[in-house]
Amino acid sequence: MTELVNRLVSLARMDEDNVKLSKEPFSLSEAVLDTVSAFAQHIDHQQKRLLTDLPGDLVYYGNEAAIRQLISILMDNAVKYCDPGGVIGVTLRGGKHPTLLVDNSYAAVGGMELDRLFDRFYRGDKARTYGGGFGIGLSIAKAIVEKHRGGIRALRLGDDRIRFQVNL
């Protein structure tokens with residue numbers, strides 16, 4: 001219950017228009033690599049595969065802690081919903097406005113309401129109930145992206161893959 005309350009307070013604070021995140025330059029490449037690496041052993045233990053395509057020198061101006069939280073939310077979601085024996089992919093593209101792609105195998109993607117995934121307390125897969133999940137992680141991810149003046153969306157990749165695309 002404490003974790004749920006803390007997440008809701010965090011989300012409420014981000015919703016306030018006058019709350020500004022402190023921003024500074026940091027290595028986005030390193031932030032993505034560090035955060036993704038923290039999930040690697042768990043992914044391997046579940047007999048899933050992790051594929052990454054990350055440039056080594058991408059610098060971004062933003063709030064590093066919030067961006068790391070964003071990446072962690074997307075990775076946690078990918079690990080939870082990746083099909084058994086499936087593949088999780090993480091790609092970072094550079095440029096003036098970096099793009100982060102996190103996708104995973106998910107056979108049930110065809111029946112999902114992708115436009116609702118970022119709604120608070122919405123759970124796309126009612127059949128799966130995971131301990132520790134509250135249905136607000138993607139809402140927090142969206143709030144972080146919006147505080148960085150970016151966009152986030154969910155896409156179907158064929159009949160059996162889902163992708164989260166973050167444009168910063």
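**Sheet and helices in a predicted model**

Colleague: What order do the strands of the open sheet come in?

Modeller: The order is E2-E4-E5-E7-E6, five strands with mixed pairing. Strands here are DSSP runs of E, at least two residues, and helices are runs of H or I, at least four residues, both numbered from the N terminus. Two strands pair if DSSP finds at least two bridges between them.

Colleague: Which strands stand at the edges?

Modeller: Strand E2 (49-53) and strand E6 (151-156); each has a single partner strand, so one side of each lacks a neighbour in the sheet. This is a predicted model: local features need pLDDT of at least 70, side-chain atom pairs count only at pLDDT 80 or more, and totals for chains, interfaces and linings use all residues. Residues are numbered from 1 along each chain as its sequence is written, and side-chain values use heavy atoms, leaving out hydrogens and water.

Colleague: What does E6 pair with, and in which sense?

Modeller: E6 pairs with strand E7 (residues 161-167), antiparallel, over six bridges. Ile-152 is opposite Val-166 in E7.

Colleague: And E5, which way does it run against E4?

Modeller: Antiparallel, with six bridges joining E4 to E5. Leu-92 stands opposite Leu-100 in E5. The two strands form a hairpin with five residues between them, and Gly-95 in the turn has a positive phi of about 110 degrees. E5 also pairs with E7, antiparallel over seven bridges; there Val-102 has Phe-164 as its bridge partner.

Colleague: How many residues of E5 are buried?

Modeller: Seven of its seven, where buried means under 20% relative accessible area, exposed over 50% and partly exposed in between, with a 1.4 Å probe and protein chains only. Thr-99, Leu-101, Asp-103 and Ser-105 point one way, and Leu-100, Val-102 and Asn-104 the other.

Colleague: Where is the kink in H2 centred?

Modeller: On Phe-39, with a kink of about 35 degrees. The bend at a residue is the angle between axes fitted to the seven residues ending there and the seven starting there. Phe-39 is among the buried residues of H2, which include Val-32, Val-36 and Ile-43.

Colleague: What covers them?

Modeller: The cover for the buried residues of H2 includes strand E1 (24-27), strand E3 (59-62) and H3.

Notes: Contact means heavy atoms within 4.5 Å.
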